[in-house]
Amino acid sequence: VGKAEECVMRSPQIAGSALSSLPQGHELQVLMVQFRSFAAQCSDERAIGVLALKIFRRLYDATKFGRCPVGVDWLVGALSSLNDACGKKVAREVYGWLMQSEGQKTNRDLICVLIGAGLLSLSSGDYTVELLRLMDGGRG
């Protein structure tokens, strides 16, 4: 994750890009392939959970990487890889992590990206109501 962030800091012009729009073989693409390989080989579910939480927190920290489109794409891709590696258990944790980060400004776009990546589900009525409340800033 640190290497991916360093790559964006060295080349700030890519910060507004989507990860998928970068040329094949770009350093960030290579780092994602390496991360996916690492995640697929990891069998320690506890370690995966700790790493996934650290990555999730990067989406809310003050660094540019967690706030720029290419950084969000990379971090969510990393979470998806970890989720695939541990039988979808990361996705079950993401909702709780969102609830714990409630004091922070909830990013509607980020919630949509997490839903699109299969890391959040809208299958539970209570869950959906709570997500809508978070996205609405508690106004309604």
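I began with the definition of a disulfide, a pair of cysteine sulfur atoms within 2.5 Å. A search of the whole structure under that definition finds zero disulfides.

I noted that this is a predicted model, in which local features need pLDDT of at least 70, side-chain atom pairs count only at pLDDT 80 or more, and totals for chains, interfaces and linings use all residues. Residues are numbered from 1 along each chain as its sequence is written, and side-chain values use heavy atoms, with hydrogens and water left out.

**Cysteines.** I looked up two of them, taking buried as under 20% relative accessible area, exposed as over 50% and partly exposed as in between (1.4 Å probe, protein chains only). Cys7 is buried, at a relative accessible area of 3%, while Cys112 is partly exposed, at 45%.

**Overall make-up.** I found seven helices and zero strands; helices here are DSSP runs of H or I with at least four residues, strands are E runs of at least two, and both are numbered from the N terminus. Of the 140 residues of the chain, 40% count as buried.

Beyond its neighbours within four places in sequence, Leu28 is in contact with residues including Cys7, Val70 and Trp74.

**Asn83.** I located Asn83 in helix 4 (residues 69-85). Asn83 counts as buried because its relative accessibility is 3%. A polar atom of the Asn83 side chain lies 2.9 Å from the backbone nitrogen of Ala91. Leaving aside neighbours within four places in sequence, Asn83 is in contact with Lys88, Lys89, Val90, Ala91, Gly118 and Leu119.

**Helix 6.** I recorded Leu110, Ile111 and Leu114 as buried in helix 6. Seen down the helix axis, the buried residues of helix 6 fall within an arc of 100°, so they line one face; the arc is that of the directions from the axis to the C-beta atoms. The face turned away from this buried side carries the exposed residues Asp109 and Gly116. Just after helix 6, Gly118 takes a positive phi of about 80°.

Conventions. Polar contact = N/O pair within 3.5 Å; in protein donor to acceptor, adjacent residues only side chain to side chain. Contact = heavy atoms within 4.5 Å.
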